[in-house]
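Please read the following note alongside the model.

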Amino acid sequence: EYQQHLDNGTLTDILNYEKVKDGDTFFINTGKVHAIGKGIIIAEIQQTSDITYRVYDFNRRDKNGNLRELHTELALDAIDYEKKDDFKVQYSQNANEVNKVVNCPYFITNLLPLTAGYEKQLSADDSFHIYMCVKGEGTIGDGTTELPIKQGETVLFPASCHKLEVKTKGMDLLEVYI
């Protein structure tokens with residue numbers, strides 16, 4: 001069925017479509033065909049991988065007017081064809097708390113909706129930490145160095161950093177570590 005729709009140019013007719021709103025989170029398992037719609041800004045957190053198969057590209061063209069390369073044959077064995085409705089993640093958004101979003105064998109992602117300062121000891125996690133500002137602004141530091149951070153910016157704390165200090169009057173951070 002997939003191959004028929006691909007050949008007929010009707011693949012989008014059998015794909016699931018989700019209307020998204022601010023804060024929606026999706027955990028896409030390996031092999032799940034997915035795309036990001038026009039005008040959507042995402043924070044894509046994933047296990048390190050050098051493999052991405054483009055199976056359909058909405059007939060978009062590169063800068064020279066050519067259709068972009070598809071990986072149709074390679075993707076056939078990698079696609080998860082089972083229809084599942086388990087991809088949308090429900091999570092709390094409690095202010096000034098660590099809200100678990102995803103906890104899988106490859107990474108942990110938390111949401112920190114902050115209305116005031118916040119501190120955390122990082123050494124217990126034995127991992128680097130990534131902080132993505134998805135709303136608002138403030139400063140972020142390790143107790144000795146402090147940097148401004150605003151929506152759309154990301155800071156990497158190496159595993160050697162032991163402390164997180166945040167100052168803000170309103171900021172949402174995604175926290176990612178392994």
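The numbered points below take these topics in turn.

1. Basis. The model is predicted, so local features need pLDDT of at least 70 and side-chain atom pairs count only at pLDDT 80 or more, whereas totals for chains, interfaces and linings use all residues. Residues are numbered from 1 along each chain as its sequence is written, and side-chain values use heavy atoms, with hydrogens and water left out.

2. Strand pairing. Strands are DSSP runs of E with at least two residues, and helices are runs of H or I with at least four, numbered from the N terminus. Strands β4 (residues 129-141) and β6 pair in the antiparallel sense over four bridges; pairing requires at least two DSSP bridges between the strands. His-129 stands opposite Phe-157 in β6. Strand β6 (residues 154-157) has Val-155 and Phe-157 on its covered face, with Thr-154 and Leu-156 on the uncovered one. In a regular strand the side chains alternate between the two faces of the sheet.

3. Largest nonpolar core. A nonpolar core is a set of buried Ala, Val, Leu, Ile, Met, Phe, Trp, Tyr and Cys residues joined through side-chain atoms within 4.5 Å. Buried means under 20% relative accessible area, exposed over 50%, and partly exposed in between (1.4 Å probe, protein chains only). The largest core has 15 residues, and Phe-157, Ile-149 and Leu-173 are among those that touch the most other members. Elements giving two or more residues to this core are β2 (108-114), β4, β6 and β7 (163-177). Strand β7 supplies the largest share, four residues.

4. Leu-173. This residue is found in strand β7 and counts as buried because its relative accessibility is 0%. Leaving aside neighbours within four places in sequence, Leu-173 has contacts (heavy atoms within 4.5 Å) that include Tyr-131, Ile-140, Ile-149 and Val-166. The C-alpha atoms of Leu-173 and Val-134 are separated by 5.9 Å, although the two are 39 residues apart along the chain.

5. Salt bridges. With a salt bridge defined as a side-chain nitrogen of Lys or Arg within 4 Å of a carboxyl oxygen of Asp or Glu, the count comes to 13. Lys-135 forms one with Asp-172, the closest N and O atoms being 3.9 Å apart. Lys-135 lies in β4 and Asp-172 in β7, so this pair ties together parts that are 37 residues apart in sequence. Lys-135 is partly exposed at 41% relative accessibility, whereas Asp-172 is buried at 16%. Lys-167 forms a salt bridge with Glu-146, with the closest N and O atoms 3.0 Å apart.
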